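Here's a quick tour of a few local features. Have a look at the model first, then read on.

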Amino acid sequence: MNPQKWSLKFGDWVENNDPDYALATRPSDFMLGHLRAFGKASGNMDWTKVADNTYKIIQTISSKYSPVTGLLPDFVVFKNGSYAPSPPFLLETERDGSFSWNAARVPWRVPVDYLLAGDTRALNQTRLTNAWISKKTNNDPGKIVAGYKLNGNPLDDKDPAIAFSAPFAVSAMVDASNQAWLNALWNSLVSAPTASNAYYGNSIRLLCMITVSGNWWDPANAGN
């Protein structure tokens, strides 16, 4: 945790004075319900500041860099007084500033806070992303590819990947009007062969199916 900005760091290996990573963050770590749970368990309400700043980052990136798609990038940096998508190769690859293999989890991470806690700050961005991807694919989960630029253009990898399609099923849960789209996503998750997907995609698929089926436990109630 960076105490200067109340932001999630890449890990405990990042020093607070690190010029490259101290103020950088990874949207796939934006597990808002867990932040609430940490505050409840510890009695330290500074965790509320972390949650509030996390939503600030989501809203800033979505409104300034992906107003049509609501997509978040793999990594975010604090630059010139504001949050922005990471430059290429900040931590991993040339895709660091795009919606790629890390950020693929965001459409699952963020809406869970609305589904469990009713926090409407998660709702607008989720609705935007869900509306974009359903229109982009003409409601065909098989057309969801492995990565997009924040403006919605596909990255070089055109092959479908369950690590990307599964989280969109959680996003579809926020509105009852998405039922047909949610059904299509669910059916695609059930029917995709496990053997044709690596552990990463299969793990995300399982966790998202647990969520969609109503079996995701609220971490804030874990001690009850």
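Turned away from the buried side of helix 6, one face carries the exposed residues Ala 180 and Ser 191. Exposed means over 50% relative accessible area, buried under 20%, and partly exposed in between (1.4 Å probe, protein chains only). Helices are DSSP runs of H or I with at least four residues, strands are E runs of at least two, and both are numbered from the N terminus.

This is a predicted model: local features need pLDDT of at least 70, side-chain atom pairs count only at pLDDT 80 or more, and totals for chains, interfaces and linings use all residues. Residues are numbered from 1 along each chain as its sequence is written, and side-chain values use heavy atoms, with hydrogens and water left out.

Back to helix 6: Trp 181, Leu 182, Leu 185 and Leu 189 are buried there. They sit on the same side of the helix because they cover an arc of only 100 degrees around the axis, taken from the directions from the helix axis to the C-beta atoms. Their cover includes helix 4 (123-136), helix 5 (162-171) and helix 7 (199-212).

| Residue | Relative accessible area | State |
|---|---|---|
| Asp 46 | 28% | partly exposed |
| Thr 60 | 14% | buried |

Leaving aside residues up to four places away in sequence, Thr 60 touches Tyr 65, Ser 82 and Tyr 83; contact means heavy atoms within 4.5 Å.

Strand 1 (residues 76-79) and strand 2 (residues 82-85) run antiparallel, joined by four bridges; pairing takes at least two DSSP bridges. Val 76 stands opposite Pro 85.
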